[in-house]
Amino acid sequence: MTADSSSRSALLLGKLRALVGAHLPGVELVDGSFPGGAALLAGEPPVAWVLLDENPIGSFGSALVVAGRQGASSVEIVVDDADAAGVIARRAALFAPPPRVWSVEGRSLVPTAPAAVPVPASSLPAPDLAELLVDADLEVVVEGGIVRGEVNGLEVARIVHGHTTVGEPIEEPLLEVGVGQADRELTGMLHGSLSPIDQLGRAVEIVRSLRRAGAEPHPLNQLAPERWLRARLVADPGRLGLVRLRPIEGAVPRPNLRDRAVAVALGEDAHGAAVVVACSVGVDLDLVPAAADARLAIDPDARLLLVVPARDAHPVTRDLAARLADPAEVVALEGDWRL
């Protein structure tokens, strides 16, 4: 821990101690630990009070695990960001018993009401451009109202409306090619003379050659592995005992290409029942809360499958999945899921 991060931790712990002390006067408070925030144990049996500071929404699952490891009988979540607190309260309500979530208002703690379930944004029509994505044999994914074309879960093109990536106004929808914003800008500058079809073909060829099983490590096959896993399952839903499966956006937008996020899909089993599938690669303590939140937004009555490579089926994930009011099932895929 650096001097700056140590000072930050001390400030957060002092802040949490002042807030909880004012809320529970006379109760003994024992310092705990929580990376990216602060934690206290209060009373007997001990109740964990956890202040989420860095990435509060993504840290909620970690708070549940850390509180349990410190011997807490229950956990109270404290969040400074009001919007994040509402999302966390919505996720907390999906667990049994549900942790309470508190917002910070001045020097006081105030109970937080769950945020409303988000409504997916509608995508604007551009059938001719969407057909180019289909003809290029891309996975067509709609998130945040944007139509994207992906190769094994990695975006290589998107349809933009109103403005280009660099902010130039456009009157008609435009197909932009590239992996991420910087690559779309670079492709537009260096290959703007090529037709959209030729730009797309070039990008797809490069990404397919690198994003495949057995390829040497490269940034293009290291990004968004959870979306690659989802793409493989969408192509072969029978691996999960499903008859169909399609990508769908979760309840919280994906932050960017580099940050870890859960990839969600909606499927149907042989009996016609809905199944929500959440894919993750690596041990991600946000998987269970994010997946349960996605199910709430998509179909609260659906089965929930958490799909991970076998090496990543950690006991903490199974424990969190079992703690949901409507438990999820962890599916561990053996072998190389990229094949």
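Predicted model: local features only at pLDDT ≥ 70, side-chain atom pairs only at ≥ 80, totals over all residues.
1. The protein contains ten helices and 15 strands. Its radius of gyration is 22 Å, which agrees with the value near 20 Å that a compact globule of 339 residues would have. Taken along the principal axes, the C-alpha atoms fill a box of roughly 70 × 50 × 40 Å.

2. Of the 339 residues, 46% count as buried. Among the contacts with a separation of 6 or more, 57% are accounted for by residues 24 or more positions apart. The accessible surface comes to about 16400 Å², and carbon and sulfur atoms hold 54% of that area.

3. The pair D293 and R91. The side chains of these two residues meet in a salt bridge, with an N to O distance of 3.0 Å. Because D293 lies in helix 9 (residues 287-298) and R91 in helix 3 (residues 82-92), the pair ties together parts that are 202 residues apart in sequence. Are the two partners buried or exposed? D293 has a relative accessibility of 1% and so counts as buried, and R91, with a relative accessible area of 3%, is buried as well.

4. The pair R230 and E143. A salt bridge also joins the side chains of R230 and E143, here with an N to O distance of 4.0 Å. R230 belongs to helix 8 (residues 225-235) and E143 to strand 7 (residues 139-143), so this pair ties together parts of the chain that are 87 residues apart in sequence. R230 counts as buried at 2% relative accessibility, and E143 is buried with a relative accessible area of 11%.

5. Which side chain meets that of D269 in a salt bridge? The partner is R303, at 4.0 Å from N to O. The pair links distant parts of the chain, with D269 in strand 12 (residues 263-269) and R303 in strand 14 (residues 303-309), 34 residues apart. D269 is buried, with a relative accessible area of 10%, whereas R303 counts as partly exposed because its relative accessibility is 38%, a value that falls between the limits of 20% for buried and 50% for exposed.

6. The position of S9. This residue lies in helix 1, which covers residues 3-23. S9 is partly exposed, since its relative accessible area is 27%. S9 and E168 are 159 residues apart along the chain, and a distance of 43 Å separates their C-alpha atoms.

Conventions
Residues numbered from 1 in each chain as written. Heavy atoms only, no water. Helix = DSSP H or I, 4+ residues; strand = E, 2+ residues; numbered from the N terminus. Buried < 20%, exposed > 50% of the residue type's maximum accessible area, 1.4 Å probe, protein only. Rg over C-alpha atoms; globule rule 2.2 N^0.38 Å. Contact = heavy atoms within 4.5 Å. Areas by Shrake-Rupley, 256 points an atom, 1.4 Å probe, with all protein chains shown as cover.
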